[in-house]
Every structure is written in C-alpha cells, then in structure tokens.
Amino acid sequence: MKSNGRAPTAFEERLYLVCSAIPCGKVSTYGALAKALHSSPRAVGQALRRNPYAPDVPCHRVVTSSLALGGFSGSWGDDTPN
C-alpha cells in the first residue's frame with residue numbers, strides 16, 4: 001500500500017469499494033461514481049488520485065464524462081508539494 005501519511009477516509013473507502021465493482025474490460029465515469037456516492041466528480045477524482053490499493057482497486061477504469069482519459073495531471077511523491 002502506498003503511504004501518503006494518512007489512512008483513507010470513510011468516503012474514500014466507500015469509493016474504493018464501488019470502484020472495485022467495475023468489471024475488467026469496462027469503465028465508469030467520475031460523475032457516475034459521484035452520483036452513486038452522493039458526492040462530486042472532483043471529490044471522486046481526488047480520492048482516486050490517493051488510491052493506496054491500486055491496481056487492486058482499478059482507478060484506471062474511471063474516465064471523464066466524454067469517455068476520455070483524464071485527471072492524471074497531479075504530481076505525487078516526496079519531491080512534490082502535494
């Protein structure tokens with residue numbers, strides 16, 4: 001598990017559970033996951049960016065509403081301000 005200094009929140013754990021249900025070969029959108037969790041697509045994107053269970057929790061199967069890849073522009077690691 002990646003360590004970013006904190007444990008996943010209750011929302012993140014619910015999201016990772018829902019995201020785990022996306023079948024191999026299929027995708028979902030940030031908006032669809034947000035709707036299922038009564039949240040926002042940006043909150044979903046931020047939580048998936050911090051996914052400590054990848055690739056077991058397949059955040060790579062989540063795409064934008066236009067079905068394009070997106071959301072991977074955030075930097076991560078000890079050498080970044082994030």
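**Entry 1: the model.** I noted that this is a predicted model.

**Entry 2: helix 3.** I looked up helix 3, which covers residues 41-49. Which of its residues are buried? I found Val44, Gly45, Ala47 and Leu48. I then viewed helix 3 down its axis. The buried residues fall within an arc of 165°, so they line one face of the helix. I recalled the general rule here. An α-helix has 3.6 residues a turn, so residues three or four places apart point the same way.

Next I asked what covers the buried residues of helix 3. The cover includes helix 1 (10-20), helix 2 (30-36) and strand 2 (62-63).

**Entry 3: aromatic rings.** I searched the whole structure for aromatic pairs and got 1. The partners are Tyr16 and Tyr53. Their ring centres are 5.6 Å apart, and the planes stand at 80°. I logged the pair as edge-to-face, since planes over 60 degrees apart count that way.

Where do the two residues lie? Tyr16 is in helix 1, and Tyr53 is in the loop between helix 3 and strand 2. The pair therefore ties together parts that are 37 residues apart in sequence.

Tyr16 has a relative accessible area of 2%, so I wrote it down as buried. Tyr53 comes out at 25%, so it counts as partly exposed.

**Entry 4: Asn51.** I moved to Asn51, in the loop between helix 3 and strand 2. Is Asn51 buried or exposed? Its relative accessible area is 0%, so Asn51 is buried. I also checked its side chain. One of its polar atoms lies 2.9 Å from the backbone oxygen of Val57.

Technical notes:
Residues are numbered from 1 along each chain as its sequence is written. This is a predicted model: local features need pLDDT of at least 70, side-chain atom pairs count only at pLDDT 80 or more; totals for chains, interfaces and linings use all residues. Side-chain values use heavy atoms; hydrogens and water are left out. Buried means under 20% relative accessible area, exposed over 50%, partly exposed in between (1.4 Å probe, protein chains only). Helices (H or I, at least four residues) and strands (E, at least two) are DSSP runs, numbered from the N terminus. The arc is that of the directions from the helix axis to the C-beta atoms. Contact means heavy atoms within 4.5 Å. Rings of Phe, Tyr and Trp (its six-membered ring) pair if their centres lie within 6.5 Å; planes under 30 degrees apart count as stacked, over 60 as edge-to-face and the rest as tilted. A polar contact is a pair of N or O atoms within 3.5 Å; within protein, one must be able to donate a hydrogen and the other to accept it, and residues adjacent in sequence count only if both atoms are side-chain atoms.
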